[in-house]
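Subject: Structure for your review

Dear colleague,

I am handing over the structure below, and I would be grateful if you could look through it alongside the notes that follow.

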Amino acid sequence: MRRSEQRLGTLSLQRQSDHMRFGEFYLFPEHQGQGAGSTILAHCLAVADSMRLPVRLEYLHLKPVGSLYRRHGFKEIRSSEIDCFMQREAVGLQGAVSALLHKSGEGFTV
């Protein structure tokens, strides 16, 4: 991921047969806590919503990123000792367009 020529971190968004898988989402420390994660996640969710696919992910319990995912509509679907597994259902196309327009102009490239 980049903003202009500056690297922000990494992510993976993969289309599966019945969902999108969001993973390997990491922002370098100097870019955390500035809204970049929310903007990038909103863009990926808008892509999934345009395909009318839910998004699934997992993260390590000891990472604080769970609150970001919950703010974006993810619900826990199961848990292990190490990981939390979450899913967000697709929202209507109107919601996807609104979310993308709301976040436009941030200058991010995914």
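The notes below take up a pocket, a helix and a loop residue in turn.

Please keep in mind that this is a predicted model. Its largest pocket holds about 610 Å³ of space, and of the 26 residues that line this pocket, Phe25, Tyr26, Leu27, Gln32 and Val65 are the closest to its centre. At least two lining residues come from each of strand E4 (20–27), helix H1 (36–50), strand E5 (55–60) and helix H2 (66–71), with E4 giving the largest share, namely seven residues.

Just after H1, Arg52 adopts a positive phi of about 55°.

Finally, Gln16 sits in the loop between strand E3 (9–15) and E4, and it counts as partly exposed because its relative accessibility is 31%, a value that falls between the 20% limit for buried and the 50% limit for exposed. Although Gln16 and Val55 are 39 residues apart in sequence, their C-alpha atoms are 9.7 Å apart in space.

With best regards

Definitions and conventions
Residues numbered from 1 in each chain as written. Predicted model: local features only at pLDDT ≥ 70, side-chain atom pairs only at ≥ 80, totals over all residues. Heavy atoms only, no water. 1 Å grid on protein atoms, 1.4 Å probe; cavity = no way out; pocket = protein on both sides within 12 Å on 5 of 7 lines; lining within 4 Å. Points joined across faces, edges and corners; volume = space filled by probe spheres on them. Helix = DSSP H or I, 4+ residues; strand = E, 2+ residues; numbered from the N terminus. Buried < 20%, exposed > 50% of the residue type's maximum accessible area, 1.4 Å probe, protein only.
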